[in-house]
2 protein chains.
Amino acid sequence: MVQVEQDILAKNNQHARFNREFLAERGIFAVNLVSSPGSGKTTLLTESIKRLLPSLPITVIEGDQQTTNDAERIRATGAPALQINTGKGCHLDASMVERALERLQPPEESVLFIENVGNLVCPAAFDLGEAHKVVVLSVTEGEDKPLKYPDMFKAATLMLLNKVDLLPYLTYDVAKCIEYARRVNPAIEVMQVSATKGDGLDTWLAWVRLHAVTARHARVQPKVVAAE
Amino acid sequence: MVQVEQDILAKNNQHARFNREFLAERGIFAVNLVSSPGSGKTTLLTESIKRLLPSLPITVIEGDQQTTNDAERIRATGAPALQINTGKGCHLDASMVERALERLQPPEESVLFIENVGNLVCPAAFDLGEAHKVVVLSVTEGEDKPLKYPDMFKAATLMLLNKVDLLPYLTYDVAKCIEYARRVNPAIEVMQVSATKGDGLDTWLAWVRLHAVTARHARVQPKVVAAE
């Protein structure tokens, strides 16, 4: 089993490297959004895209076991979106993203959002070629999730603590949740947001814009093919 | 890959059959609680156990990637609990439950709750030998989860729609969620509950008690070994 797992991850990493080069050559900033089902990723995306367009071109890859609901919600904002249905699968892998990139052809110097299948376990192990994994955690899920699903919180650069508008109606200790996240990943950045009410979105969007600029600046020029 | 998957599931099913016989011989009713992370399974369990003890003996198997928090919360109610940490694993399998049953030795004519790893995808495929899978869906997760994760809602007998005390603060259409669940599983039973406030728990506990009685009545006597 361990051998099969290693083979799968090694093959995935090849595709991830290909994706990373594809994105770097075009100065595209790619974010892989991961979370439990129902943490509010799609609403966060639609609200973010509305605020980022048209100054920043955006493309979205949507992952779900079934339905094209999310891609439809994204397209309604004006951003191109491709839905990947994983069927029995519990995560996106890099080869799925590679095929999606071929079909979507995201514009140069744009932002690519990848919304992974809602799952705090399996997507942690799969590099898709993204610049960062961003974990969205809804405050309705309890403070202890970083300790219970440490791989995901270790893999993420940023934790978005979503649905903070519901805090008055919950018994929830924000400081404790952040302490737990830092315990498994001392470097993790944290932002408190409400995708539906708009709280904290400015900070998150500033983070996206900043990384989009640095991806543009760090743009890797395709290797010049020597003339024969 | 398909072959590897079939081999894993076939091996799992052998252990599940063993568990099912073990439970049937002892008249034990076993429920496998499945959901996203943070849907409120552990709180539902602690509140249920407080109301079911001491008239109904209860044992609990807890699954999480990391931490023994949940088993500790269960033990505080007075019910014996064993924590399984799956590490990188995204679900409990039947062999883990088999080993847990050996260690726990749940009493005859009791109820066994198995709280699976929080994951709406992978645990759907793994029979643990339980009588029923019960899917817990928090209303904060949105209405569309049954359509997006149909395997889990097909595999479940009962959907507990939890955290209904938060409905006044959400945009959530209960009827639509139930319609979606029935679309993927026309036979699914539905109950609306709030584990923290107590709403609907009586109905859920009546369901547990009823199945505990039928497990007792249907108790399979161990095969009599012929005298030599």
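Why is helix 2 of chain A largely enclosed by the rest of the structure? Nine of its 12 residues are buried, so the rest of the structure largely encloses helix 2 of chain A. Buried here means under 20% relative accessible area, with exposed over 50% and partly exposed in between (1.4 Å probe, protein chains only).

Before you click around, note that this is a predicted model, where local features need pLDDT of at least 70, side-chain atom pairs count only at pLDDT 80 or more, and totals for chains, interfaces and linings use all residues. Residues are numbered from 1 along each chain as its sequence is written, chains are lettered from A and ligands numbered from 1 in the order in which they are written, and side-chain values use heavy atoms, leaving out hydrogens and water.

**Stop one: helix 2 of chain A**

Select residues 41–52 of chain A. Helices are DSSP runs (H or I, at least four residues), numbered from the N terminus. The buried residues in helix 2 of chain A include Leu44(A), Leu45(A), Ile49(A) and Leu52(A), and also Lys41(A) and Glu47(A). At 1.5 Å times one less than the number of residues, the helix should span 16 Å, and its end C-alpha atoms are 16 Å apart, which agrees.

**Stop two: where chain A touches chain B**

Now show both chains. You'll find 36 residues of chain A in contact (heavy atoms within 4.5 Å) with 36 residues of chain B. The two chains bury about 2900 Å² between them, 58% of it on carbon and sulfur atoms; that is accessible area (1.4 Å probe) lost on being put together, summed over both. Pick out Pro37(A), Gln65(A) and Lys148(A): in chain A they lose the most area to chain B, together 21% of what that side buries.

Next, zoom in on Lys88(B) and Asp151(A), whose side chains meet in a salt bridge at 3.4 Å, N to O. The rule, a side-chain nitrogen of Lys or Arg within 4 Å of a carboxyl oxygen of Asp or Glu, finds six salt bridges across this interface. Helix 5 of chain A gives the most, with three residues.

**Stop three: Val174(B)**

Finally, go to helix 7 (residues 174–184) of chain B and select Val174(B). Val174(B) is buried, with a relative accessible area of 16%. Leaving aside neighbours within four places in sequence, Val174(B) is in contact with Leu161(B), Leu167(B) and Gln192(B).

Technical notes
Helix = DSSP H or I, 4+ residues; strand = E, 2+ residues; numbered from the N terminus.
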